[in-house]
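Biologist: I would like to learn how to read a structure feature by feature. Could we start with pockets?

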Amino acid sequence: LRAVYDLRGRKGVEDDRAIIERTTLPSELMEEYEKLKALFEERTYIQEANPRGLFQVTLNATPFTLGGEGPLSILLKNVYMQQTVDAKITNSTNLGFVGSVFASHSGFYYGFHTGFRQQLAKHNWIKTNFITAPFPGIGIDFYRNL
């Protein structure tokens, strides 16, 4: 307050207009801060959840390369789609969900599995998978980087 009094005098201290002129009210500043904080938390959550998707189509275009007789055609062999979401539970534990669909001329297959990944050390971790479709199963993997 002494610096404000020295620069603005008694009126500056009483008006609460310290050294700079305010263009917004403190309530407006707090409201803007809360908006930015919520936006930051949402972006951080999306980055931590780490959603990933894969869409793959396999085509058969051998008539183009073989120079075969008849009309040239492209055949659709199969389609594969996968969606993965990884969520960080703690600094060393991740939970992952994977769903996939595969369709081809021979059939339609789907799968869903959940996995836990526990970081044991800087270069070691263990992963446990629980598979629910098409056939139930459990898998345990141990990784070590050399």
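Modeller: The largest pocket has a volume of about 200 Å³. Of its 13 lining residues, Asp86, Gly96, Gly115, Arg117 and Lys127 are the closest to the centre. This is a predicted model: local features need pLDDT of at least 70, side-chain atom pairs need pLDDT 80 or more, and totals for chains, interfaces and linings use all residues. Residues are numbered from 1 along each chain as its sequence is written, and side-chain values use heavy atoms, with hydrogens and water left out.

Biologist: What counts as a pocket?

Modeller: On a 1 Å grid over the protein atoms alone, a pocket is an open set of points with protein on both sides within 12 Å along at least five of seven lines; lining residues have an atom within 4 Å of a point. The volume is the space filled by probe spheres set on the points.

Biologist: Which strands supply at least two residues each of the lining of the largest pocket?

Modeller: Strands E2 (75–88), E3 (93–104), E4 (107–121) and E5 (124–133) do. Strands are DSSP runs of E, at least two residues, and helices are runs of H or I, at least four.

Biologist: How many salt bridges does the structure hold?

Modeller: Side chains of opposite charge can pair when their charged atoms come close. The cut-off is a Lys or Arg side-chain nitrogen within 4 Å of a carboxyl oxygen of Asp or Glu. The structure holds two. In one, Arg52 meets Asp86 at 2.9 Å, N to O. Arg52 lies in strand E1 and Asp86 in strand E2, so the pair ties together parts that are 34 residues apart in sequence. In the other, Lys35 meets Glu31 at 3.8 Å, N to O. Those two are four residues apart in helix H2 (residues 26–49), so about one helical turn separates them.

Biologist: Is Asp86 buried, exposed or in between?

Modeller: Buried means under 20% relative accessible area, exposed over 50%, partly exposed in between (1.4 Å probe, protein chains only). Asp86, at 22%, is partly exposed. Arg52 is partly exposed too, at 38%.

Biologist: Which residues make the nonpolar surface patch?

Modeller: A patch takes residues with over 30% relative accessible area and no salt bridge; nonpolar side chains are joined within 5 Å. Here Phe55, Val57, Leu59, Phe64, Leu72, Ile74, Leu76 and Met81 make a patch of about 790 Å². E1 gives the most, with three residues. Ile74 sits in the loop between helix H3 (62–66) and E2. Ile74 is exposed, at 51%.

Methods. Patch = residues over 30% accessible without salt bridge, like charges linked within 9 Å, V, L, I, M, F, W, Y side chains within 5 Å. Areas by Shrake-Rupley, 256 points an atom, 1.4 Å probe, with all protein chains shown as cover. 1 Å grid on protein atoms, 1.4 Å probe; cavity = no way out; pocket = protein on both sides within 12 Å on 5 of 7 lines; lining within 4 Å.
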